[in-house]
Amino acid sequence: MAYTYDPNNIFAKILRGEIPCNKLLETEHSLAFHDIRPQAPSHVLVIPKGPYVTFDHFALEASDAERADFVAAIGQVCKALGIQPGEGGRGYRAISNAGDDGVQEVPHLHVHILSGRSLGRMVGRPD
Ligand code: 5GP
């Protein structure tokens, strides 16, 4: 079953400029902005500009240029936030939720970059 991209999802609207975002940085193929409901002192979302639903969708179907740009954008976000462990930063967690079991709310690929406090164990118990 192929992915169906919903062009009316909230991140598609942000990319079209129909709703605002608090932008951190933008590259040719990617956009990074602050999450509207932060779950850590810093909570940034990095998204590709192309119509990809999940990480696997992007990884398998995006162009080499899009993939390289997205990975580089995540690095640039870490650098801009000063959270790189190798550069004196205190670290971060990168998360991408996908599908039902991943409890994905917005059906446009996004990587959460959470930082600014100790983030605890990787996966909590289900509610
Ligand atoms: P998911 O659960 O899909 O991995 O995460 C979706 C994220 O998008 C949530 O952390 C949520 O707070 C964020 N979000 C939802 N709507 C908006 C919005 O309109 N603007 C911004 N900046 N973030 C949003």
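## Overview

Five salt bridges are present in the predicted structure. Side chains of opposite charge can pair when their charged atoms come close. The pairs described below include Arg 16 with Glu 18, Lys 49 with Glu 26, and Arg 37 with Glu 105.

## Arg 16 and Glu 18

The side chains of Arg 16 and Glu 18 form a salt bridge in which the N to O distance is 2.7 Å. Arg 16 is classed as partly exposed because its relative accessibility is 41%, and Glu 18 is likewise partly exposed, its relative accessible area being 47%.

Lys 49 and Glu 26 join through their side chains in a salt bridge, with 2.8 Å from N to O. This pair connects distant parts of the chain, since Glu 26 belongs to strand β1 (residues 23-26) while Lys 49 lies in the loop between β3 (42-48) and α2 (55-61), the two being 23 residues apart. Lys 49 counts as partly exposed because its relative accessibility is 31%, and Glu 26 counts as partly exposed at 42%.

Both residues also belong to a network of salt bridges that links Lys 23, Glu 26 and Lys 49.

## Arg 37 and Glu 105

In the salt bridge between Arg 37 and Glu 105, the closest N and O atoms are 3.1 Å apart. Arg 37 and Glu 105 are both exposed.

Conventions
Residues are numbered from 1 along each chain as its sequence is written. This is a predicted model: local features need pLDDT of at least 70, side-chain atom pairs count only at pLDDT 80 or more; totals for chains, interfaces and linings use all residues. Side-chain values use heavy atoms; hydrogens and water are left out. A salt bridge is a side-chain nitrogen of Lys or Arg within 4 Å of a carboxyl oxygen of Asp or Glu. Buried means under 20% relative accessible area, exposed over 50%, partly exposed in between (1.4 Å probe, protein chains only). Helices (H or I, at least four residues) and strands (E, at least two) are DSSP runs, numbered from the N terminus.
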